[in-house]
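Hi,

Here is the structure I promised to pass on. Have a look at it first, and my notes on what turned up in it follow below.

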Amino acid sequence: MADIYDSAFRTVLNDCSKLMIPIINISFGERYTGNEKIIFYPNEHFIDQQNAPDEKRITDTNFAVYGTVRKIYHWECQSTPDSRMLIRLFEYDAQIALDQGEIVKEVLTVEFPHTAVLYLRYAKTKTPDAYKYVIKTPGGRVEYDVPLFKTQQYTLDEIFEKKLFLLIPFYIFSKEAEFSMYEAEPLKLEALKNEYMEIIERLDQMVQEGWLSDFDRSTLLETAKEVMDEIAKKYQVVVKGMDQIMGGALLETNARKIKNEGRVEGFAEKGIKIFLNLLATGMSENEAQCLAEIDDELVKIALKSRDM
């Protein structure tokens, strides 16, 4: 079963695939614009084992980007350094190549993917900038790098300047060493909450400028909250304090979505529906009335219909 961090990575990548493009550009020196077509392949692969049942392995993601040429990519999300990671990567890569290989006139052609790892934590003195494959074959020696993208190397300003929005859910990893301090010192926790309020405001600005959609923003905030609840689960004061910020942002997102859907349908009957849906999210009557844009009379009708 995938952990929360793998699931968050897969969710953002599959639902907001264009957000991966800037990270690919940095890792592989590409110049994708973000308008390229991205096709995802199945992430379940069966590793052939001699004298044993085939073993199912699940990669974090496996997709092709159609730029001037098609290139296949394989990315894994890793929360902690792992000495066996390189072996697993090569197993996955070989199986991906076989799964997509073809035989024409007794010639087997396989294409290995461009592989990289998104590291959420890393050891500064031990984790290299890249792994390396060296493959010795009867036809010659092949070697190439597997880049390691270390999320904590990027400041918040760099994340927004370079449009590395996919890193937002994992930004909390850069604060992990300070959780005990946040738990014990209310002023320090308040500073963290203020930093996340800034993140939300900057995401809103990116939506206004057209860099992100409302859906992108919502997905980033939802996965950020899931990651935050998991990484800080031993620090209840931190979790509760941050839920005030992230929960409020998500409530606002859902309210905005409900309101926008209602505007398309329009008129009093739909305004009542919007009002009741907003109340169901936990919003106060006054706030729901304001967002639904209905008068006091319609509020009374709505409340009466709800209680029937």
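Before the details, one cut-off: a residue is called buried under 20% relative accessible area, exposed over 50%, and partly exposed in between. That is why threonine 137, at 37% relative accessibility, goes down as partly exposed. Threonine 137 belongs to strand β9, which covers residues 130-137, and its side chain comes to 2.6 Å from the backbone oxygen of glycine 140. Please keep in mind throughout that this is a predicted model.

**The chain as a whole**

The protein chain has 308 residues, of which 43% count as buried. It carries 11 helices and 10 strands. If you take the contacts with a separation of 6 or more, 59% of them are between residues 24 or more positions apart.

**The cores**

The largest nonpolar core has 57 residues, and the ones that touch the most other members are Phe9, Met20, Phe63, Trp75, Leu118 and Tyr196. Helix α6 (residues 186-208) is the top contributor to this core, giving seven residues. Another core lies apart from it, with 13 residues that include Ile274, Leu278, Met283 and Ala302.

The largest pocket has a volume of about 260 Å³. It is lined by 14 residues, and those closest to its centre are Lys18, Pro22, Thr33, Gly34 and Trp211. By type, the lining splits into six nonpolar, four polar and four charged residues.

Which helix gives the most to the lining of the largest pocket? That is α2 (residues 21-28), with three residues. Six of the eight residues of α2 are buried, so this helix is largely enclosed by the rest of the structure. The buried ones are Ile21, Pro22, Ile23, Ile24, Asn25 and Ser27. Just after the helix comes glycine 29, with a positive phi of about 65°.

**The largest cavity**

There is also one cavity of 30 Å³ or more in the structure. The largest cavity has a volume of about 50 Å³. Its lining is made up of Thr151, Gln152, Tyr154, Ile159, Leu167, Phe170, Tyr171 and Ser174. Five of these lining residues are nonpolar and three are polar, with no charged ones.

**Two buried residues to look at**

Histidine 74 sits in strand β5 (residues 70-78). Its relative accessibility is 0%, and therefore histidine 74 counts as buried. Which side chains does histidine 74 reach in polar contacts? One partner is glutamate 76, at 2.7 Å, and another is aspartate 93, at 2.6 Å.

Threonine 219 is in helix α7 (residues 214-231). With a relative accessible area of 4%, threonine 219 is buried because it falls under the 20% cut-off. Setting aside neighbours within four places in sequence, threonine 219 is in contact with Thr11, Val12 and Cys16.

**Two lysines with positive phi**

Most residues other than glycine have a negative phi. Lysine 105 has a positive phi, near 50°, and lies in the loop between β6 (102-104) and β7 (107-109). Its relative accessible area of 79% makes lysine 105 exposed. Lysine 163 also has a positive phi, of about 60°, and is found in the loop between α4 (156-161) and α5 (179-184). Is lysine 163 exposed or partly exposed? Its relative accessible area is 21%, so lysine 163 counts as partly exposed.

That is everything from my side.

Cheers

Notes. Residues are numbered from 1 along each chain as its sequence is written. This is a predicted model: local features need pLDDT of at least 70, side-chain atom pairs count only at pLDDT 80 or more; totals for chains, interfaces and linings use all residues. Side-chain values use heavy atoms; hydrogens and water are left out. On a 1 Å grid over the protein atoms alone, a cavity is a set of points where a 1.4 Å probe fits but cannot get out, and a pocket is an open set with protein on both sides within 12 Å along at least five of seven lines; lining residues have an atom within 4 Å of a point. Grid points are joined across faces, edges and corners, and a volume is the space filled by probe spheres set on the points. Helices (H or I, at least four residues) and strands (E, at least two) are DSSP runs, numbered from the N terminus. Ala, Val, Leu, Ile, Met, Phe, Trp, Tyr, Cys and Pro count as nonpolar, Asp, Glu, Lys and Arg as charged, and the others, Gly among them, as polar. Buried means under 20% relative accessible area, exposed over 50%, partly exposed in between (1.4 Å probe, protein chains only). A polar contact is a pair of N or O atoms within 3.5 Å; within protein, one must be able to donate a hydrogen and the other to accept it, and residues adjacent in sequence count only if both atoms are side-chain atoms. A nonpolar core is a set of buried Ala, Val, Leu, Ile, Met, Phe, Trp, Tyr and Cys residues joined through side-chain atoms within 4.5 Å. Contact means heavy atoms within 4.5 Å.
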